Amino acid sequence: MKSDYTIIRCFTTDKFKVMNLLCDAEEYKLIRNYVDVVYYNDDTLREKREMRQIIKDNIRKLIAHGFRAESTPKFVDDWFFLSK
């Protein structure tokens, strides 16, 4: 089962710079030494494809600004989501 959200984990504590770069996210959370940026996945296949492209583009944008980032964080213990 696919999750209802995607998290980009940014390995920085500069939450405000991440928020300025990725202003299209649903949520931002500073946790320890990184910022998690949350995008909720849409329902249709076309919307899911578009969201995956947005995630890839945003990771490239972060890297271009000197941030290390990934969309599959290994530990998401600080986030609690309920599936639909």
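Colleague: What are the ground rules for the numbers?

Modeller: This is a predicted model, in which local features need pLDDT of at least 70 and side-chain atom pairs count only at pLDDT 80 or more, while totals for chains, interfaces and linings use all residues. Residues are numbered from 1 along each chain as its sequence is written, and side-chain values use heavy atoms, with hydrogens and water left out.

Colleague: What is the mean pLDDT of the protein?

Modeller: The mean pLDDT is 83, and 82% of the residues reach 70 or more. pLDDT is the predictor's confidence in each residue, from 0 to 100. Where pLDDT is low, the predicted coordinates should not be read in detail.

Colleague: And where is confidence lowest and highest?

Modeller: Confidence is lowest in E1, at a mean of 88, and highest in H1, at 95. The labels are DSSP runs numbered from the N terminus: helices are H or I with at least four residues, strands are E with at least two.

Colleague: OK, the sheet. In what order do the strands come?

Modeller: The order is E2-E3-E1-E4, an open sheet of 4 strands with antiparallel pairing. E2 and E4 (69-70) are the edge strands, each pairing on one side only. Two strands pair if DSSP finds at least two bridges between them.

Colleague: How many bridges for each pair?

Modeller: E2 (residues 27-31) and E3 (residues 34-40) have 5 bridges, E1 and E3 have 6, and E1 and E4 have 2.

Colleague: Is E3 enclosed or open to the outside?

Modeller: E3 is largely enclosed by the rest of the structure, because 6 of its 7 residues are buried. Buried means under 20% relative accessible area, exposed over 50%, and partly exposed in between (1.4 Å probe, protein chains only).

Colleague: Which residues touch the most others in the largest nonpolar core?

Modeller: Ile8, Cys10, Val18, Leu22, Val37, Tyr39 and Leu62 do, in a core of 16 residues. E1 (5-10), H1 (15-21), E3 and H2 (45-64) each supply at least two of its residues. H2 gives the most, with 4 residues. A nonpolar core here is a set of buried Ala, Val, Leu, Ile, Met, Phe, Trp, Tyr and Cys residues joined through side-chain atoms within 4.5 Å.

Colleague: Take Val18. What does it touch?

Modeller: Not counting residues up to four places away in sequence, Val18 touches Cys10, Thr12, Val35, Val37 and Leu62.

Colleague: Thr12 is on that list. Buried or exposed?

Modeller: Thr12 counts as buried because its relative accessibility is 13%. Thr12 is in the loop between E1 and H1. Leaving aside neighbours within four places in sequence, its contacts are Val18, Leu30, Asn33, Tyr34, Val35 and Phe67.

Colleague: And Asn58, where is that?

Modeller: Asn58 is in H2. With a relative accessible area of 5%, Asn58 is buried. With residues up to four places away left out, Asn58 touches Ile8, Leu22, Asp24 and Tyr39.

Colleague: Changing topic: what is the phi of Arg32?

Modeller: Arg32 has a positive phi of about 50° although it is not a glycine. Most residues other than glycine have a negative phi. Arg32 sits in the loop between E2 and E3, a hairpin with 2 residues between the strands. At 54% relative accessibility, Arg32 counts as exposed.

Colleague: Last one. How exposed is Lys29?

Modeller: Lys29, in E2, counts as partly exposed at 30% relative accessibility. Its C-alpha atom is separated by 7.7 Å from that of Lys15, 14 residues apart along the chain.

Key. Contact means heavy atoms within 4.5 Å.
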